[in-house]
There are 4 protein chains.
Amino acid sequence: MPIQTKSIHRTLDDLIRRVWKENVRLKASGLVTMTWGNVSGIDRRRGIVVIKPSGMDYATLRPADMVLTDLDGRRLEPASRLESARMPSTDLPTHLVLYREFAEIGGVVHTHSTYATAFAQACRSLPCLGTTHADYCYGEVPVTEIMRPSAIREHYEANTGRMIVRKIRRLRLQPMVCPFILVANHAPFAWGANPAAAVENAIVLEAISKMALLTFLLDGRRTGISQALLEKHYLRKHGQSAYYGQAQPGVPIHGNIHPRH
Amino acid sequence: MPIQTKSIHRTLDDLIRRVWKENVRLKASGLVTMTWGNVSGIDRRRGIVVIKPSGMDYATLRPADMVLTDLDGRRLEPASRLESARMPSTDLPTHLVLYREFAEIGGVVHTHSTYATAFAQACRSLPCLGTTHADYCYGEVPVTEIMRPSAIREHYEANTGRMIVRKIRRLRLQPMVCPFILVANHAPFAWGANPAAAVENAIVLEAISKMALLTFLLDGRRTGISQALLEKHYLRKHGQSAYYGQAQPGVPIHGNIHPRH
Amino acid sequence: MPIQTKSIHRTLDDLIRRVWKENVRLKASGLVTMTWGNVSGIDRRRGIVVIKPSGMDYATLRPADMVLTDLDGRRLEPASRLESARMPSTDLPTHLVLYREFAEIGGVVHTHSTYATAFAQACRSLPCLGTTHADYCYGEVPVTEIMRPSAIREHYEANTGRMIVRKIRRLRLQPMVCPFILVANHAPFAWGANPAAAVENAIVLEAISKMALLTFLLDGRRTGISQALLEKHYLRKHGQSAYYGQAQPGVPIHGNIHPRH
Amino acid sequence: MPIQTKSIHRTLDDLIRRVWKENVRLKASGLVTMTWGNVSGIDRRRGIVVIKPSGMDYATLRPADMVLTDLDGRRLEPASRLESARMPSTDLPTHLVLYREFAEIGGVVHTHSTYATAFAQACRSLPCLGTTHADYCYGEVPVTEIMRPSAIREHYEANTGRMIVRKIRRLRLQPMVCPFILVANHAPFAWGANPAAAVENAIVLEAISKMALLTFLLDGRRTGISQALLEKHYLRKHGQSAYYGQAQPGVPIHGNIHPRH
């Protein structure tokens, strides 16, 4: 897959800089201890994914360290001059499964943010306990099933992506209507229309996870808010009748929203 | 409602700057994730409310972005030169209900601060568990009733304000004596004599919510402090016999204080 | 009580600057929300107490704002040039009771720090659950009895000091061996040989309160460490055989240490 | 043990600077209140240990304050010019036991970090509840037995080291495969191939302790993840088939890994 034309260079350069910037911002957001987090982005027209290199410190990260692959994880040709000598994040196969499966996704984020990870470790989904949650996610944040040993031993990272897809398909969720998930025994993934939106969703998930845990400490049996309140808040921010923000309707809804319960 | 005279310009300019400054301060206080918070202020003589624009990042917010409306939410004429092109906070109708109902209020704040929101999500009121609480609020911080679907579907934000007013009226509270409330399944509102006082009350509510949640973790059945201690601390800071601070009596009490229980 | 000689000016000036500095440091330590904290110091030879003015913002506080009184709370003469025009902290009478009762105390701190206040609100003493606690306090941190309404209505702040003294006397504690206490339904007080030591003890109390609350979440029935471990850690840092730090024996023990249980 | 050659000076100078730097970094990481933490490093060829001086503020710490001893705790000769006039950390004997017992250790860290200390105070081990934990530690983080009074009264710090060694030996753990432990009623120790790795492990232990405590709040009976997931994550980062980071296989595994249960 040789890349030669200037315009591609320019487009990809822009994506590389944005993915780099969002990785740095993710660290600055306080969601990431050590190097436990990565952001990727995709150029859908070229089928090229840009992702953080594995295990590198955010403080020394430069745009040139970002790794480029196609949707099957194959590295770009060295001659492309955009090629990094780095190894990609080990979570790359999980990102790729999500990009291949959900055409509307433009950015993916993985973190081990503390409160969302607590829910993932407890293998508990996150019910919609308030309007903060409803503003971003139409219903419960699901937790994946626990992986079988055979799925762990071979192609673990790709299988993590498949567990996410399976859970979303089984619940008949639209990925942009619930832009994050908890991977059982592991940690959260978040996504969005672009890398910046994915990082915002990762920040939101951590905030609503903390609120939910504290709510459970006050009342261990809370279940969820009414369907009317869920709809009101979600649709206030998303879809054709949205009226939050400066440019409504801001975020298109892909297909119809159906309550899950 | 054309606005022409210089003096009005000067007065409104001052209010606009103060509302802008308090929005920035609210963000700096750590109470606000993303854009989940807004401050408004009112010029009672002119009947003009100034409020944060919807969904805008605090880092780029300028005084000129503030939105001006009358008490019914009608925008000022563009010719006024004070007109912002922005959309107001979606919570504007809630603020307006509070301004119309409580003449002593000069500023209103809405946040989704973590601990106060946990109480709101648990639909639990905040009993007065200590003197920190008693210094600012004469008794329990109430939580509103859960909204009916019909009240959610139409005029949701104005109805949120009405739920707040109803709860305060039913408990025969004076709004300045309990300057905040928890909206069930949602988050807190706070107010004060001016925008700065409203922001301070929002900060206080978050602090006493965290203290109360931690107190419940140590003793789940705490109820509240004695009437004598509540009165002592509240009146040490408020009313004619106040002796806290540098300019006593600092904060006038509107009417008599009556214990609620 | 006219103050005229230069040397007194110099000594008092030094104390004023140190009390001012420790108030600023207390705020910077993160223990103080709003203006909920104050530090005082005493010049034992002159019988003069220096304390923070009431309700003033730490950011604008200057040494000249510090208030000077004698041990009965009488202000110094204006002619002294060290006189501040400010009102003293409303908690001054509590500080004075402690200075009058405990001759070894050189500084007093009051805060509403979150975790220590949670224990005070829960009316729970803080058992010594680990060596962090034992390094600073020889045994349980007591909580005072709940005040009777009559003691609240008249001379409340002085009575708060008397409740502290009564609890310490009843437990036969030496104040420097347990340099902090929890006032029931209120918040903590801490003290030390000087204002800086008092602030350090306030910071320590908040840290061990947080550790204790988290320990109780893991095991609600923890009681305390062994007498041997308590003695070892306390005496490693305090008394004639202390061997912690750069200048042992660093902190004299006043009298003998006796276990309380 | 006179030290004369230039090359030794250079090597030791480098170790002294690194130990100093890691002590400063430990403080900056937020794990340390007051002076409750210390880092040491070892020059195995010379048998020289470098450690923080006792009770000194990190803000004023300079490389020249670091203390040098041999593996039995004997100070270097003053003539060495590398000699510090400071007293070493009182925890030095614990560090020395670990260095003598585990040849693969190049750095040791002791902190009273809040969440790890809560587990230590509760005398609870930290089961592997998720992949964050599995990435750094192959199985449960053990807690030592409670010390007998006789072991506390004499050679307390060395006996603390012996309690750590005994627990690790009894569980047949390899120290690099579980690079931290909880000392009952006290606080954690962490170690690594060098001082920087030891500090990283101390940071990791605090993070996974917080995650575990929050997980227990959501489900008090969690036990641990599957053997397959534990192996996958640990071996993704450690040993010959590691594929995390930029230079695999990054961390050698000493001997074979065996599950403990």
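# Briefing: salt bridges, an interface and buried sites

D14(D) and R18(D) both belong to helix α1 (residues 6–28) of chain D, where a spacing of four residues separates them by about one helical turn. Residues three or four places apart in an α-helix point the same way, because such a helix has 3.6 residues a turn. The side chains of D14(D) and R18(D) form a salt bridge, in which the closest N and O atoms are 3.3 Å apart. The structure described here is a predicted model.

**Salt bridges within chains**

- Side chains of opposite charge can pair when their charged atoms come close.
- Over all chains, a search of the whole structure finds 52 salt bridges.
- In chain A, a salt bridge joins R25(A) to E200(A), with 3.7 Å between the closest N and O atoms. This pair ties together parts that are 175 residues apart in sequence, because E200(A) lies in helix α7 (residues 195–218) and R25(A) in helix α1 (residues 6–28) of chain A.
- Both partners of that pair are partly exposed, E200(A) at 31% relative accessibility and R25(A) with a relative accessible area of 29%.
- In chain B, D65(B) and R86(B) form a salt bridge whose closest N and O atoms are 3.1 Å apart. Here D65(B) is in the loop between β2 (48–51) and β3 (67–70), while R86(B) is in the loop between β3 and α2 (92–101), so the bridge ties together parts of chain B that are 21 residues apart in sequence.
- D65(B) is buried, at 3% relative accessibility, whereas R86(B) is partly exposed, at 28% relative accessible area.
- Chain A also holds a network of salt bridges that links D70(A), D72(A), R74(A) and R100(A).

**How chains B and C are related**

- Two copies of a chain are related by a rotation about an axis and a shift along it.

**The interface of chains B and C**

- In this interface, 32 residues of chain C are in contact with 32 residues of chain B.
- About 2,800 Å² is buried between the two chains, and carbon and sulfur atoms give 61% of this area.
- The copies meet through different surfaces, because only 3% of the interface residues of chain C are also interface residues in chain B.
- Two salt bridges are counted between chain C and chain B. One of them is a salt bridge between the side chains of R236(B) and D91(C), at 3.7 Å from N to O.
- There are also 13 residue pairs in polar contact across this interface.
- On the side of chain C that touches chain B, at least two residues each come from α3, α5 (149–153), α6 (156–170) and α7 (195–218). The element that gives the most to this side is α3(C), with six residues.
- By type, the residues of this side are 16 nonpolar, eleven polar and five charged.

- L129(C) sits in the loop between α3 (114–121) and α4 (131–134) of chain C.
- Is L129(C) buried or exposed? With a relative accessible area of 4%, L129(C) is buried, because residues under 20% count as such.
- Beyond its neighbours within four places in sequence, L129(C) has contacts in chain C that include A212(C), T215(C), F216(C) and I225(C). L129(C) is also in contact with Q121(D) and N185(D) of chain D.
- I208(C) is 79 residues away from L129(C) in sequence, yet their C-alpha atoms are 8.8 Å apart in space.

**Helix α8 of chain D**

- Helix α8 (residues 227–237) of chain D is mostly covered, with eight of its eleven residues buried.
- Among the buried residues of α8(D) are A228(D), L229(D) and L230(D), as well as K232(D), R236(D) and K237(D).
- The cover over the buried residues of α8(D) includes α5 (149–153) and α6 (156–170) of chain A, together with α4 (131–134) of chain D.
- G239(D) follows α8(D) and has a positive phi, near 90°.

Notes. Residues numbered from 1 in each chain as written. Chains lettered and ligands numbered in written order. Predicted model: local features only at pLDDT ≥ 70, side-chain atom pairs only at ≥ 80, totals over all residues. Heavy atoms only, no water. Buried < 20%, exposed > 50% of the residue type's maximum accessible area, 1.4 Å probe, protein only. Contact = heavy atoms within 4.5 Å. Buried area = accessible area lost by both parts, 1.4 Å probe. Salt bridge = Lys/Arg side-chain N within 4 Å of Asp/Glu carboxyl O. Polar contact = N/O pair within 3.5 Å; in protein donor to acceptor, adjacent residues only side chain to side chain. Nonpolar A, V, L, I, M, F, W, Y, C, P; charged D, E, K, R; others polar.
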